[in-house]
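Open the model in your viewer and keep the selection tool at hand. The stops follow one after another.

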Amino acid sequence: MNVKVENLEHNMAKLVVEVEAEALDKAIAQAYKRQRARISVPGFRKGKVPQSVVEKIYGPAVFYEEAANILINQEYPGAYNECGLDIVSSPSFAVTQIEKGSPFIFTAEVAVKPGVELGEYKGITVTKVNVDVTDEDVEEEIDRQLKTNARTVTAERAAESGDTVIIDFDGSIDGVAFDGGKGENYALELGSHSFIDNFEDQLVGKSAGDELDVHVTFPENYHEPTLAGKPAVFAVKVHEVKTQEMPELDEEYIQDTTEFDTVEEYKEDVRKQLQKAKDDQAKRAKEDEALKKIIDQSKMDIPDAMVDTQINSMINEYAQNLAQTGMSFQQYLQFSGMDLDAFKQQSRPEALQRIQSSLCLEEIAKQENIEATDEDFENRIKELAQMYRMNPEELKKTVGPNERASMNVEIRMMKAVDLVMENVVEQERG
């Protein structure tokens, strides 16, 4: 394999990868073996047609596409390692030469990590944040915790906003069912606005056993063109209405659900926890403001492919979080009336900011000679172990060289944030 690098504009590069002809012949043979069970030619048993016969009938290019995919997947990792570039995007592949008896040539267009021309990062002015905890804050937090400990019970009454209804639904347009419009025993919180249009509003006032038609209109920009802007009818059956039964705030409740004996001790702890949360929130707000100002004063040419890769990473992260709630990412898109392209466009500013922040912090760490020590690594392992309720030593065993390198980058950036914040100047909000 031979790899050449062509530098392109805007921190993009093209890897031109040439693979020997013998490797192409092997890949074509492998493609034939994968496909031969499906090949049928008169005079031969199905799956027993020789490769030479298939190529004589259909031409030698019949296996090229699959052979190219085999070779690209096989050879790109080596080209990635050999090129010496700091690649920060998924590759865009193209085949430039494929012919039996000749070298196989493909290209991989990638984004390269941009350089950063840092602006000022010491003495940044940030807004002072009020971190006072009021009695009203305490009462609101107690109400929230009471709701968290509320029992879900079946309500022997009509549904109200905030209740959860267990429903079957079957959607149709002009009497014709459509994909994704049917569900059974679905738990829908009324007022959550997770369904399109005024679907949930029409279930308020309904009781277990009720059957009704819910009329809605899909948004004009709905991701499925065949549904966009069209009126639909959902046949809905209500199986159950569930509501939250709030506990009483008394000493019996405190002793049963907390480590405290009295309501006053509990309230004092709530105040302490709120103070810590406000302090942490204020710290993050000041960090965000400082980083935004550093980004605004810095220069970096970020390629679109790098942003696209970050967006895809965010989508995977979001999908994993949704899965924990029992909803797929596709269901989320459908019920929110958004298609994948719209979600990506909406995510683009955050993706760009994440990249800009990381690049600036890495450059600050470089300029300040900030390193991740073994002690830093051990402390980070302890933090993660506590977060995931794992034994630190067991967690450490799962950290390979690549994970350790990623953790070191993360540690260096965290220490860069600390350096920035040690040198900020706070001012009252104007």
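## Stop one: helix against helix

Select α6 and helix α9 (residues 340-367): they pack at an angle of about 85°, with their axes 10 Å apart. Axes here are lines fitted to C-alpha atoms, for helices over the stretch in contact, and angles run from 0 to 180 degrees between N-to-C directions. Helices (H or I, at least four residues) and strands (E, at least two) are DSSP runs, numbered from the N terminus. α6 and α9 are therefore roughly perpendicular to each other; the class covers 65 to 115 degrees, with under 35 roughly parallel, over 145 roughly antiparallel and the rest oblique.

This is a predicted model: local features need pLDDT of at least 70, side-chain atom pairs count only at pLDDT 80 or more, and totals for chains, interfaces and linings use all residues. Residues are numbered from 1 along each chain as its sequence is written, and side-chain values use heavy atoms, with hydrogens and water left out.

Now show the side chains. Leu291, Ile294 and Ile295 of α6 meet Gln353, Gln356, Ser357, Cys360, Leu361 and Ile364 of α9. Contact means heavy atoms within 4.5 Å. By class, this contact has six nonpolar, three polar and no charged residues. Ala, Val, Leu, Ile, Met, Phe, Trp, Tyr, Cys and Pro count as nonpolar, Asp, Glu, Lys and Arg as charged, and the others, Gly among them, as polar.

## Stop two: α6 again

## Stop three: the cavity

Which residues line the largest cavity? Select Phe169, Phe178, Gly180, Gly181, Phe195, Ile196, Phe199, Phe218, Tyr222, Phe234, Gln334 and Phe335. A cavity is a set of points on a 1 Å grid over the protein atoms alone where a 1.4 Å probe fits but cannot get out; lining residues have an atom within 4 Å of a point. The lining divides into nine nonpolar, three polar and no charged residues. β8 gives the most, with three residues.

## Last stop: the hairpin

Go to strand β1 (residues 2-7) and strand β2 (residues 12-19), an antiparallel pair with six bridges. Strands pair if DSSP finds at least two bridges between them. Val3 has Val17 in β2 as its bridge partner. Finish on His10, between the strands, with a positive phi near 55°.

Conventions. 1 Å grid on protein atoms, 1.4 Å probe; cavity = no way out; pocket = protein on both sides within 12 Å on 5 of 7 lines; lining within 4 Å.
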